[in-house]
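Subject: Handover of a structure and its findings

Dear colleague,

Please find below the structure that I am handing over to you.

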Amino acid sequence: MGKGAYGTVFAAKSKITGKIRAIKQIKRSSIRNPIQFTNEMDILKKVDHPNIIKVFETYEDETNYYVVTEYCIFYVVSVKVGNCSIDS
């Protein structure tokens, strides 16, 4: 799906639910404070808000963290109000 400074994002299908999920693979070496990262992921797993992507699970191995989230497709919306243009 994509690659960034901290890792790569893959699309995956759950064997249990059949739903498509996004899995972000993050290099352990890119995380400065692993305890803070783990705490933030634990908080995000508990958050349920329509404007915040849902984190379902996290995993780790010797070299990477894996964050399983809902799969979202983002659209750019342009709105023109009077003489102003807004892109979101």
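The notes below describe the overall layout first and then individual residues and their partners.

This is a predicted model, in which local features need pLDDT of at least 70 and side-chain atom pairs count only at pLDDT 80 or more, whereas totals for chains, interfaces and linings use all residues. Residues are numbered from 1 along each chain as its sequence is written, and side-chain values use heavy atoms, with hydrogens and water left out.

**Overall layout**

The protein contains one helix and seven strands; helices (H or I, at least four residues) and strands (E, at least two) are DSSP runs, numbered from the N terminus. Along the sequence these elements follow the pattern β-β-β-α-β-β-β-β. The protein has 88 residues, of which 16% count as buried. Here, buried means under 20% relative accessible area, exposed means over 50%, and partly exposed lies in between (1.4 Å probe, protein chains only). Among the contacts with a separation of 6 or more, 36% are between residues 24 or more positions apart; a contact means heavy atoms within 4.5 Å.

**The nonpolar core**

Which residues make up the largest nonpolar core? There are seven: Ile 26, Ile 31, Phe 37, Met 41, Val 55, Tyr 65 and Val 67. Such a core is a set of buried Ala, Val, Leu, Ile, Met, Phe, Trp, Tyr and Cys residues joined through side-chain atoms within 4.5 Å. At least two residues of this core come from H1, and at least two from E5. In soluble globular proteins, nonpolar side chains tend to be buried together. When neighbours within four places in sequence are left aside, Ile 31 is in contact with Ile 26, Phe 37 and Tyr 65.

**Aromatic rings and charges over them**

A search of the whole structure gives one aromatic pair. Phe 37 and Tyr 65 form this pair, with 4.6 Å from centre to centre and 50 degrees between the planes, and the arrangement is tilted. Rings of Phe, Tyr and Trp (its six-membered ring) pair if their centres lie within 6.5 Å; planes under 30 degrees apart count as stacked, over 60 as edge-to-face and the rest as tilted. Because Phe 37 lies in helix H1 and Tyr 65 in strand E5 (residues 64-70), the pair ties together parts that are 28 residues apart in sequence. Both Phe 37 and Tyr 65 are buried.

Arg 28 lies over the face of Tyr 65, at 4.7 Å from the ring centre. Arg 21 lies over the face of Phe 56, at 3.9 Å from the ring centre. A charge sits over a ring if NZ of Lys or CZ of Arg is within 6 Å of the ring centre and within 35 degrees of the ring normal.

**Salt bridges**

How many salt bridges does a search of the whole structure find? It finds two, a salt bridge being a side-chain nitrogen of Lys or Arg within 4 Å of a carboxyl oxygen of Asp or Glu.

One joins Glu 60 and Arg 28, whose closest N and O atoms are 2.7 Å apart. Glu 60 belongs to strand E4 (residues 55-60) and Arg 28 to the loop between strand E3 (20-27) and helix H1 (34-46), so this pair ties together parts that are 32 residues apart in sequence. Arg 28 counts as partly exposed because its relative accessibility is 28%.

Lys 45 and Asp 42 form a salt bridge at 3.6 Å, N to O. These two residues are three apart in helix H1, so about one helical turn separates them. Lys 45 is partly exposed at 28% relative accessibility, and Asp 42 is partly exposed at 32%.

Asn 64 lies in strand E5 and counts as buried, at 10% relative accessibility. Its side chain makes a polar contact of 3.1 Å with the side chain of Thr 63, and another polar contact, of 3.3 Å, joins the side chains of Asn 64 and Tyr 66. A polar contact is a pair of N or O atoms within 3.5 Å; within protein, one must be able to donate a hydrogen and the other to accept it, and residues adjacent in sequence count only if both atoms are side-chain atoms. Leaving aside neighbours within four places in sequence, Asn 64 is in contact with Gln 25, Ile 26, Lys 27, Arg 28 and Tyr 59.

Thr 69 also lies in strand E5, and at 10% relative accessibility Thr 69 is buried.

Yours sincerely
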